[in-house]
Amino acid sequence: MEDYWYGVDKLTDSEGVSRFPVLSKLIQGLLVIPYGNADVEQLFSHINQIKTKKRNLIHDDTLNVLLHIVR
């Protein structure tokens with residue numbers, strides 16, 4: 001996919017001006033967004049390790065601090 005959009009970004013008119021400057025900027029921004037869910041799955045795994053059945057009343061602020069320590 002990156003190769004395709006790289007080719008679109010390099011398209012120019014007869015004067016050497018980019019044909020799709022706005023589209024190219026948009027696609028560059030979109031391609032940096034991860035398209036997987038591994039980060040989310042890893043976060044849920046960390047939450048499950050910290051917030052167990054015995055510690056189910058842990059406050060959200062405490063959980064947030066602990067997650068920052070784990071990462």
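Me: Which residues form the nonpolar patch on the surface, and how much accessible area do they have together?
Reply: This is a predicted model. The nonpolar surface patch consists of L11, F20, L23, L26, L30, V32 and I33. Together their accessible area is about 610 Å².

Me: Where is L30 found, and is L30 buried, partly exposed or exposed?
Reply: L30 sits in helix α2, which covers residues 21–31. Its relative accessibility is 45%.

Me: What distance separates the C-alpha atoms of V22 and D9?
Reply: Along the chain, V22 and D9 are 13 residues apart. Their C-alpha atoms are separated by 9.8 Å.

Me: Which residues is R19 in contact with, leaving aside its neighbours within four places in sequence?
Reply: R19 lies in the loop between α1 (2–9) and α2. Its C-alpha atom is 19 Å from that of M1, 18 residues away along the chain. With neighbours within four places in sequence left aside, R19 contacts L11, T12 and D13.

Me: How many aromatic pairs are there, and what geometry does the pair of Y4 and W5 have?
Reply: The count is 1 aromatic pair. Y4 and W5 form it, at 5.1 Å centre to centre and with 80° between the planes. Planes over 60 degrees apart count as edge-to-face, so the geometry of Y4 and W5 is edge-to-face.

Me: Is H46 buried or exposed, and which residues is H46 in contact with beyond its neighbours within four places in sequence?
Reply: H46 is placed in helix α3, residues 38–50. Its relative accessible area is 16%; buried means under 20%, so H46 is buried. Leaving aside neighbours within four places in sequence, H46 contacts L67 and V70.

Me: How many helices and strands are in the protein, and in what order do the elements run?
Reply: The protein has 4 helices and 0 strands. From the N terminus on, the order is α-α-α-α.

Me: What radius of gyration does the protein have?
Reply: A compact globule of 71 residues would come near 11 Å. The C-alpha trace spans about 70 × 20 × 15 Å along its principal axes. The protein has a radius of gyration of 22 Å.

Me: What percentage of the residues count as buried?
Reply: The accessible surface comes to about 6,300 Å², and 59% of that belongs to carbon and sulfur atoms. Among contacts between residues at least 6 apart in sequence, 21% join residues at least 24 apart. Of the 71 residues, the buried share is 11%.

Terms used:
Residues numbered from 1 in each chain as written. Predicted model: local features only at pLDDT ≥ 70, side-chain atom pairs only at ≥ 80, totals over all residues. Heavy atoms only, no water. Patch = residues over 30% accessible without salt bridge, like charges linked within 9 Å, V, L, I, M, F, W, Y side chains within 5 Å. Areas by Shrake-Rupley, 256 points an atom, 1.4 Å probe, with all protein chains shown as cover. Salt bridge = Lys/Arg side-chain N within 4 Å of Asp/Glu carboxyl O. Helix = DSSP H or I, 4+ residues; strand = E, 2+ residues; numbered from the N terminus. Buried < 20%, exposed > 50% of the residue type's maximum accessible area, 1.4 Å probe, protein only. Phe/Tyr/Trp six-rings, centres within 6.5 Å; stacked < 30°, edge-to-face > 60°. Rg over C-alpha atoms; globule rule 2.2 N^0.38 Å. Contact = heavy atoms within 4.5 Å.
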